[in-house]
Amino acid sequence: MVESVPDHINFPKAEEEVLAFWKDIGAFERSLELAKGRPRYSFYDGPPFATGLPHYGHILAGTIKDIVTRWAAMDGYYVERRFGWDCHGLPVEYEIDKKLGIKSPDQVTKMGIKAYNSECQKIVMTYANEWEQIVGRMGRWIDFKNDYKTMYPWFMESVWWVFKQLYEQGMIYKGFKVMPYSTGCRTPLSNFESGLNYKDVQDPAVVVSFPVTNNTDEEGTSFLAWTTTPWTLPSNLALCVNPDEEYVKVLDHKREQKFILMEQRLVQLYQSDAEYDVIKRYKGADLAGFTYKPLFNYFVHRAETGAFKVLVDKYVTDASGTGLVHQAPYFGEDDYRVCMANKVIEKDGEIICPVDECGCFTAEVTDFAKMYVKDADKFIMKKLKAEGRLIVQSTCKHSYPFCWRSDTPLIYKAVPSWFVTVEDIVEQLLENNSQTYWVPDFVKDKRFANWLKGARDWAISRNRYWGTPLPLWVSDDGEEVVCVGSIKELEELTGETFTNIHREYVDVKTIPSRMGKGELHRVPEVFDCWFESGSMPYAQQHYPFERKKEFEDSFPADFIAEGIDQTRGWFYTLLVLSTALFGKPPFKNLICNGLILASDGSKMSKRKQNYPQPTRIFDQYGADAVRLYLINSPAVRGDALKFKENGVKDVLKDVFLPWFNAYRYLVQNIQRLEREDGVVFRYSEDTWQLTEEHNYMDRWILSFTQSLIKFVRVEMKAYRLYTVVPRLLKFVDHLTNWYVRMNRRRLKGDYGTADCKAAIETLFIVIYSMVRVMAPFTPFLSETMYQNLKKVVAGVTLESVHFLMLPKVKEELIDTEIERAVCRLQSVIELARVSRDKRTLPVKYPLKEVVVVNDDEQFLKDVDSLRSYILEELNVKTLTTTTDRAAYQVKMEAAGDSKALGIRLKQASKEICKKIAGMSNAEIANIQKEGYAEICGERVDISEVRIKLVVENSGSNYEANSDWQALILLDCTVDQEAESEGLAREVTNRIQKLRKEAGLQPNDEITIHYEAGKELCKVIEDNQEMIQLAVKQPLTTSAPTNPSQVIICKEGEVKGYKLKLTIAARGSTDATVFAALQSSKDAGFLYCNVTDGSQTGTVILESVVGSGKLITYGRLCQMITELFKVSQPLTVYKEKEELTAQHNLAELNRATLTLRPSFTPSSPSGPACKHVFAAAGKTKVVLLTENPCGKNQLDKGQILHCAQMLLDSDQVKLYTDCKMNVPL
């Protein structure tokens, strides 16, 4: 039998109980065991760093991953889910540098790489426990024990294997390129890393003069160049113009100087033409070869090798600046390219890069040596101003890249690095990307594809320490290179044994040269940590050294998911490596979520504390609510979500509470069916069938449920998680506000047992089906419900709902005609309810007529077929359906869909919407017939027009309302009869509320006494049958004869009439018994404990459980005498108060009595003695299996004998709990 469900539920506490249950049964491990032998569904989990706590972005991605993998498992697949950790790289090293105050490589050298890496390893798993707790608390099932860490030697070995495959394909080279460089972490970054952290910043913006030196015609003339990086000016070696653009020489009136700049960029210096005169015009190509005076003398010797002249290239645009770009070739990619093409610099020539690894000027720049470049900007500008070379000094707000780890501004700097030749495989990358499926698809087709089209060779090496070392051993002259692809290979080449291959272990080992070049030494670089995470499909399996078949069977992955920021991160590196290694994409399906922002739209910040802590939200609302809130957000569609706590709260209010209440109502009625009708409820999915007892609404909700299951299956196959919750909300509304409400009396058994059983079966099937469908989305609440519901499901033995398979769609139950008809019924009822609200007429007041107007005969047939439901729900006497608009002065009105038209037609949409609003009946009818209309020269589709019916003059008695489906007219005339019935329903409502306030149950035996004026009494008398049918208890005007039987009394007004209601216990039952029964729900019966100071016993106060019939005071004293072997007369105390025969024994419930007043007992939390429950039919008693505690113990045979004697029956059943769910 199902267990009783409490009126209220604490969702977070219930979730914690489920977590404990999962832990007890090893639920995740057990699910994997049950799934062995099923087809594999492969999933890759991107590795986070454990040096920081998980945030809402991780929780969202984790929720998506958990939902999809749980769904796959319940859909018949074996789904391995392993957690991974990124352990190497900048995030870890940056923390150690901060901790130890390390600011230069010399400090690491002095400390020693072994000691430095040891410090890194210590903090790698700083927050691992917190990660596991939060991931577990959110309900995610993933394997932490069988995890992978990028610092495991076996993982690193597979990374070496990946690298060697690329090396042997000729895809690895060492180059000297201008790259994004982090001065905070003292290492170059890859192009995609540089795009991870852009910020809007205010930078200096200067215009600097470069006097012409080699042309007498241009004597006294200067070129003007603009830059936002003054720190690069000391390294200037050239200027660049666009060969096709127009340039002018102007005379500046204010400065009395002549300048050359692009004509289109005169606005950079001047606000009006009056500020200058144009002296001469040039094509950009005409300026090529002009030389100029250097800004500084640090590198003036380079004039001899072609520096300090004007170059031409089409990358120069008229978008900003002066149209002349200053060239510092070792600090800009285009600068480097242009200067190399024009032989200003050469591949093996002198490198003009006077900035060290910490971002400080070297000794070559004598004026600013050892100064951080960004700090040097103001001093450089000051010097140029003093020398008359600074023409304009201002600031510029622009988007600038920052280091994703140290949060310091990046600079572009030429550094040596090892590269993967990505540019050669761009077409393959695009082709493989086209074979994948993304949600949302625009991220794949636009953002990611555009990134791939412009992909550059990937710099995979870092000048750092804590990482997987590059497996390259090189001769001193660089001509002999050995690439190592495994630990075994390294051992064979060195003659050493390795259990760890971090730098401190392999750097000191050499490989003998095969070319007579002495010993080969390992290059100092380590892998970029993104190379390691991109290698995880292979390295997590230790491929190809182990689990080769497991990898090959699960590659490409069926599914991956991460945030949108990974389009230039993990998604990219996965695709590059899988394309290079295997020529195919690394995954088939991908969900890419958007960012989660603070409620005001700003970035979530620990410093600002502008977001609620996830653990507090879990503790307050539960993880299920957070999960549903997140997947119903724009973030699952790739957009940003402004996280609002109220949004989580609304999920509880709008989804979980109605769903839980429907479940609780189901359980209550199953118990009532068994208790009152003697019908044992069991459900068998294999044998259940529709019968004649199942009415129209049963068939509707069953059909809608199957349609929902079908819809969710389709959407999950397409990985569109965000479409599920809106349909779930609709389902909850249909279930609670329509099916349960409209079938409440059937579910209570008012129309007979067979009808009641059909309604309960229907409600059970619907809720049980949804529990399984929603289990991947709301794993906790689904588990809570399943644990109770499974007790009445035939053949179900699996411990957890997550071990079940998803319900299959029962096509035979889907009836689209019924769903259509009920949808129309709902439309009519909702429109009429609004009409009632407008006239302030509660549904308690019956009305004469509702008229439904529609041109569609089928619509009217559908409505007419559900006439009885409409009349009952709206409390109207007559339903009229008609197509005759004229009879009720009905016309059509049209309105344009401003959003759809605005997107398509922009400004023109306003005039078109105006025209649509003015359309005549004939014009509206024509667009309905044709499906479109030509308006203002534009074709407007019927889908872009909203048409509704309105009443021109409905008269005072009718209230009209319409939507896109129909128009209704509600006759709002209230006559005396309607007024009387409405008042009677108000009285009924007050009675029911008072019963609820008193905590009474529907079957509690009570009498309702009322006092009112003559008019209200007449109303109650006229409608007494209706009232008593609702309350199912006697109703009388007489006052209670025994004041001790009064349970609750309240005075108030009903529509201006005074009313006093008194609820009293019926028969010989005392009112305090009801209070005692309420407070005894935890134990299940009325009792008191008794102690003589040395031992404690228990006395049962009611002979039959729940009867309210208490023992007498004399019987109490007799039982205590027998219990402690004391003589009469007996004196008993409750605390210091002596009990007498006049005491109400109901007040002793849960008390501890003593035999002397000076003794203060410690009250047990429940009955002191062990006990069991016995039942025969509907009668239930309690038997103590010991009394006092630990004495006079009974075995099962003795207990059964005593129960048979008490109940006078051989058909006795014994239970260990009051709800009789657990047999003894």
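How many residues does helix H19 have, and how far does helix H19 reach from its first C-alpha to its last? The model examined here is predicted, so local features need pLDDT of at least 70 and side-chain atom pairs count only at pLDDT 80 or more, while totals for chains, interfaces and linings use all residues. Residues are numbered from 1 along each chain as its sequence is written, and side-chain values use heavy atoms, with hydrogens and water left out.

Helix H19 (residues 570-582) has 13 residues and reaches 18 Å, close to the 18 Å expected at 1.5 Å a residue; the expected span is 1.5 Å times one less than the number of residues. Helices here are DSSP runs (H or I, at least four residues), numbered from the N terminus. Twelve of the 13 residues of H19 are buried, so this helix is largely enclosed by the rest of the structure. Buried means under 20% relative accessible area, with a 1.4 Å probe and protein chains only. Among the buried residues are Trp 570, Phe 571 and Tyr 572. After H19 comes Gly 583, with a positive phi near 70 degrees.

Helix H27 (residues 779-789) packs with helix H22 (residues 645-677) at an angle of about 5 degrees, their axes 12 Å apart. Axes are lines fitted to C-alpha atoms over the stretch in contact, and angles run from 0 to 180 degrees between N-to-C directions. H22 and H27 are therefore roughly parallel, a term for angles under 35 degrees. In H22, Phe 656 and Trp 659 are among the residues that meet H27, where contact means heavy atoms within 4.5 Å.

Key:
Helix = DSSP H or I, 4+ residues; strand = E, 2+ residues; numbered from the N terminus. Parallel < 35°, antiparallel > 145°, perpendicular 65-115°, else oblique. Buried < 20%, exposed > 50% of the residue type's maximum accessible area, 1.4 Å probe, protein only.
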